[in-house]
Amino acid sequence: MTTSVSPDARTIWRAARAPVLVGLVVLVGAIVIALVRGGGEDGAVDPESVSPAGSRAVARLLQAQGVTVVRVESWEAVRDNVNSGTTVLITQPSWLTPTQLSTLRDEVPTLVAIGPVGDSVPALAPSTRQQGTVAPQNRQPDCAFDAAGSANIGGVTYDGPTRCYDGTLVRDDHVTLLGDATPLTNEWLDEEGNAALSLRLLGQRPTLVWYLPSLSDAAAGDQDGAERSVYDLIPSAWWFALGQVAVAVLLFMAWRARRLGPIVAEPLPVVVRAAETTEGRARLYRRAKATDHAAEALRRATISTLIPLLGLPSDAPPAAITESVAARTGRPGADVHAVLFGPPPNTEQALVQLADALDALANEVGSH
Amino acid sequence: MAISGRAGLLALAGALVVGLLIPSWSGIFLVTGLILIAMVIDLVLAGAVHRLEFTRGGAQSVRLGEPAAVTLTVRNPGRARVRGMVRDAWPPSAGASDRHRLDIPGGGRQTVTTPLQPTRRGDRMAYRVTVRAFGPLGLAARQGSHTVPWTVRVLPPFTSRKHLPSRLDRLRDLDGRLRTLARGQGTEFDSLRSYVIGDDVRSIDWRATARSSEVMVRTWRPERDRHLMVVLDTGRTSAGRVGDIPRLDASMDAALLLAALASRAGDRVDLIAYDRQVRASVQGTSAAELLPALVNGMATLQPALVESDAPGIVAEVMRRSRRRSLVVLLTGLDPDPLEQGLLPILHTLTSRHLVLLAAVADPRINEMAQARGDAEAVFDAAAAARALQEREHVVGLLRRRGVEVVDATPEDLAPALADAYLALKAAGRL
């Protein structure tokens, strides 16, 4: 009785179904999340985006009012563009470190931040506290922004020196915290007093630096801060555990290194391919471009197959062979003579043609 | 000694202990020390391996390509249990699955079977038996090796035996035992019987007819009790690989089919393998023991990378067979060795014996000769054509000296050689 050890389809499925199932769940989950969150996130509060969540409309509006809008994406670019005539709008303050945010606050004459939370709030506005979150809806200003009228705004609420729109807009000295970006978006800009509020917030100075932070900016800011490597974060107790792991590795090495008996050596027979000499001769022909020798060999091979077909004696003279072939095929004698006994070819191309001509001739004689 | 993966796992678990409870150098030393002590205890309690006793059994010979099994019986004379693994090591070409689990109580015995699937012809010798016996904790093991000699002889596969039934049928046709009485010149007189219509009138024995009241004809049967001398050339030309196997193996296959056929036909078969000395010799064996003797003799033959000594071969053949024999030379048809070695002294052989030369042709050469298309292919074709012409030339020379030549590819050689033998027999030329 024999037992097959190669896996069949059932075994493969049994072994693979768990990973496949996990992979499917992850994939479906990812698709569902993407669909649920879909769309709106693309190009949010981007002065060049025309999606509903984008802000190209307000950027155009500001430009029409004579404000220069500069869109920047890196920390260095912000620092380069800041001067006494700039407003800076930060769309994602959470992506910057508190140090970076307070640096900006100190340098920029007018700063607008959208939805800062946690450490970002005191870094931007020391006398402001974060309160909670509300849904965007139509709110009344009830403060210095009265002129703008009601606006659609929501998001994070704050408590600070100047509290407007139910706390979703707070002004602390020259810094304005905005609960969310609803009034700036293409979708909502033409509703209520959103446009007026946006222009008042962003159009105070001749230049607006529209800063869309990226995640690498925090790292850039950290370089001058107190950066700690990953190793500094490991509690010292685990260094000793690592020492014990090293001992384990040594034991594993000792386990794998010890063989169950030595390797068995065996003298193997010499492998010589029988066709090697012939192939060597072919290479020699080629290297020496010995088209004459090659043609001679091919012609002799063809003649030796022709002779029995023609019923000639094996030592028949060339003239007799030519004549006989010409008679059999109806080809002109000179033509046959050129193929079988003509001058040797000089080029490889001519040799290839000669080989084909010889084949054709042998076929013709064979088929007649 | 040897340790197991458990020791490493234990040390890894110890890393948690060190990290959570005793994060210090002394913690590392403590945990490692405990593991080492456990390993030493395990080692002390493990069964002794150097006193184990081994006996072997099972296959001693196997045809190439067929599976074999060798058993190994392990006896544990000590009191401690021997639990672990045993490796019955064989050379790689024996194709052994050599690892087995072992669990023998004190004073007990266990038999493990090592399956072999040899991939080359020849003698395969068992190398060593290595035992690894773990202690009760399975952390550390004692390990030791023993030499337990055993040899499995891997015989030639004789794949051409599938051609034997059809050749035996043709032999019976010759024999007249089953069907018509084959008649030809050179067959032996067998008996007289009365004439029936349809008999060849030339076979009427007039003298017997005169003595009897009816017309008598002679009946004939093919000659029997002839002598065949098969010569395997194991020199360098036999080392060339045609397809997957060396020429020597193809020659052996052909020799085996010929010997099987000839011994059924009532002829005696001897074999020598020769390059510069006699490598194998089978002589004067009875028909029943011939094939086993041949495969045994051939099993260990390997091609030698030396030029064959043609005069030596001829002298050896002449010495061994005084009466007329069919000498079957299984060699190459390479022009140089033949023209310089065999041809000049061939007449001494042909003067007394009938010589049949069988050679393995390479299908690759024919393939190359057909190649066309680019310059490289045509140069290949030219070189192959040249090689074929040289071969043809040598065959012509041999035939002119009265030597029968069989030149066939490895698959066709054995049946072609058998057919050539049957043709000679039918013609009564033996």
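Two strands pair if DSSP finds at least two bridges between them. Helices (H or I, at least four residues) and strands (E, at least two) are DSSP runs, numbered from the N terminus. With those terms in hand, we can look at chain B: β8(B) and strand β11 (residues 151–155) of chain B pair in the antiparallel sense, over four bridges. Within β11(B), Val154(B) is the bridge partner of Gly122(B).

Before going on, note that this is a predicted model, in which local features need pLDDT of at least 70 and side-chain atom pairs count only at pLDDT 80 or more, while totals for chains, interfaces and linings use all residues. Residues are numbered from 1 along each chain as its sequence is written, chains are lettered from A and ligands numbered from 1 in the order in which they are written, and side-chain values use heavy atoms, with hydrogens and water left out.

The two strands above belong to an open sheet of three strands with the order β3-β11-β8 (chain B) and mixed pairing. Which strands are at the edges? They are β3 (61–63) and β8 (122–125) of chain B, each pairing on one side only. From one strand to the next, the twist averages 25 degrees. Helix α6 (residues 287–299) of chain B lies across β3, β8 and β11 of chain B, at about 110 degrees to β11(B). Here, axes are lines fitted to C-alpha atoms, for helices over the stretch in contact (heavy atoms within 4.5 Å), and angles run from 0 to 180 degrees between N-to-C directions.

Strands of a sheet pair through backbone hydrogen bonds, either parallel or antiparallel. Strand β2 (residues 53–58) of chain B runs antiparallel to strand β4 (residues 68–75) of chain B, and six bridges join them. Glu53(B) is opposite Arg75(B) in β4(B). On to β7 (residues 109–116) of chain B: this strand pairs with β4(B) over eight bridges, again in the antiparallel sense, and Thr114(B) in β7(B) stands opposite Val70(B).

## Where the chains meet

How many residues of chain B are in contact with chain A? There are 68, and they touch 49 residues of chain A. The two chains bury about 4900 Å² between them, 67% of it on carbon and sulfur atoms; buried area is the accessible area (1.4 Å probe) that two parts lose on being put together, summed over both. In chain B, Arg241(B), Arg372(B) and Phe379(B) lose the most area to chain A, together 15% of what that side buries.

## Aromatic pairs

Rings of Phe, Tyr and Trp (its six-membered ring) pair if their centres lie within 6.5 Å; planes under 30 degrees apart count as stacked, over 60 as edge-to-face and the rest as tilted. Over all chains, the structure holds two aromatic pairs. Phe240(A) and Trp25(B) have ring centres 5.8 Å apart and planes at 85 degrees, so this pair is edge-to-face. Phe240(A) lies in helix α9 (residues 237–257) of chain A and Trp25(B) in helix α2 (residues 25–45) of chain B, so the pair joins two chains.

Phe252(A) and Trp255(A) form a tilted pair, 6.1 Å centre to centre with 55 degrees between the planes. These residues are three apart in helix α9 of chain A, so about one helical turn separates them.
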